[in-house]
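Here are my notes for you on this one. Have the structure open while you read, and find each part as we get to it.

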Amino acid sequence: MNADVLERAMGGGDLGSEVRAQVLSLLEASGAMAWPIDEQALATHFSQKLARGTSNLAWDDLCLAFAAAHRVDAAWSALQRRAGPSVRAALSRILSPAQAEDLEQSLYAELASGAGSPLLGYSGNGSLMGWLLVTVTRRAWKASRRQRGVTAADDDALLERVVEGQRDPAVELFKQQHADTFRACIKSAFVRLTVKDRNLLRLHHLDGVQTAELARMHGVHRATIVRWLADARLSFVSNFRDEFATRLNAPRLEVDSLARVFQSGLDISLPMASSDAGDVPEAGDGPHRSPERRFPGN
């Protein structure tokens with residue numbers, strides 16, 4: 001890449017001078033400026049990611065993902081060096097050696113598939129390696145479920161579990177009167193969660209990933225994961241309350257009452273694994289380790 005050409009290409013998009021300087025500095029430090037990448041295509045990719053939120057993105061990781069997706073040899077080798085050991089370790093904890101090897105090979109083939117590569121969906125919020133480990137772990141648990149003869153579940157199955165788990169008489173009556181609305185409120189409440197919260201709920205409650213494994217994936221203390229999961233549930237309930245109030249224009253007391261019942265039922269609908277049930281967040285809990293950036297944002 002040519003730094004001057006890349007800067008001019010970024011100048012024609014949404015990236016301001018400070019962001020451009022930050023991008024060039026990170027790419028220079030990472031060695032990415034030596035890679036043969038189309039500067040205009042990369043600038044366009046950066047602008048698309050910037051348009052989705054904060055400018056404080058992992059620009060070097062975004063460049064690595066873009067280049068690896070398009071099979072730039074140096075970038076692809078760098079990605080495999082950085083991710084390979086962690087990917088293999090994550091797979092081996094869930095699958096047999098043969099299964100892990102097969103899934104690793106198919107995953108790498110998919111990642112290097114050009115315009116259709118999942119790498120291009122990486123948003124730059126959080127580290128690329130963290131995002132990749134979340135992707136790998138989800139794939140591994142789904143493969144494990146299929147191997148056991150269990151149909152791979154999706155978000156609809158997760159949300160249906162929430163619907164069916166609500167057994168309080170007040171909720172049962174509401175479900176009978178407003179079945180479609182109840183399901184729509186739950187679905188909308190889930191969609192409105194942050195990517196981080198959705199991923200945590202999927203991994204833990206749908207794929208069965210233990211909190212200790214989630215802590216290893218994200219480089220934090222296990223108690224931090226427990227707190228993140230609790231926060232995700234609270235956000236889910238808050239979103240449900242908002243959706244319910246908006247759709248039915250119900251009185252505030254009725255909304256709050258149903259939300260409290262829904263929150264209570266959520267612990268039954270989305271139970272923690274038994275080995276995690278005793279975990280409680282600890283005040284001032286420190287990181288399990290210190291990654292470059294903490295949480296995958298995709």
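This is a predicted model: local features need pLDDT of at least 70, side-chain atom pairs count only at pLDDT 80 or more; totals for chains, interfaces and linings use all residues.

1. How much of the chain is buried? Of its 298 residues, 49% are. Look at the contacts too: among those between residues at least 6 apart in sequence, 74% join residues at least 24 apart.

2. Now find helix 5 (residues 73–92) and helix 6 (residues 97–111). Their axes come within 11 Å and cross at roughly 145 degrees, and the crossing is right-handed.

3. Which residues of helix 5 and helix 6 meet? On the helix 5 side, look for Trp76, Gln80, Ala83, Gly84, Val87, Arg88, Leu91 and Ser92. Their partners in helix 6 are Ala100, Leu103, Glu104, Tyr108 and Leu111. Sorted by class, this contact has eight nonpolar, three polar and two charged residues.

4. Next, the second largest pocket, with a volume of about 180 Å³. Ten residues line this pocket, and the closest to its centre are Val134, Thr135, Arg138, Arg139 and Asn199.

5. Where does that lining come from? Helix 7 (128–147) and helix 11 (195–206) are the elements that give two or more residues to it. Helix 7 gives the most, with six residues. By class, the lining of the second largest pocket splits into three nonpolar, three polar and four charged residues.

Methods. Residues are numbered from 1 along each chain as its sequence is written. Side-chain values use heavy atoms; hydrogens and water are left out. Axes are lines fitted to C-alpha atoms, for helices over the stretch in contact, and angles run from 0 to 180 degrees between N-to-C directions. Helices (H or I, at least four residues) and strands (E, at least two) are DSSP runs, numbered from the N terminus. A crossing is left-handed if the near helix is turned anticlockwise from the far one by less than a right angle, and right-handed if clockwise. Contact means heavy atoms within 4.5 Å. Ala, Val, Leu, Ile, Met, Phe, Trp, Tyr, Cys and Pro count as nonpolar, Asp, Glu, Lys and Arg as charged, and the others, Gly among them, as polar. On a 1 Å grid over the protein atoms alone, a cavity is a set of points where a 1.4 Å probe fits but cannot get out, and a pocket is an open set with protein on both sides within 12 Å along at least five of seven lines; lining residues have an atom within 4 Å of a point. Grid points are joined across faces, edges and corners, and a volume is the space filled by probe spheres set on the points. Buried means under 20% relative accessible area, exposed over 50%, partly exposed in between (1.4 Å probe, protein chains only).
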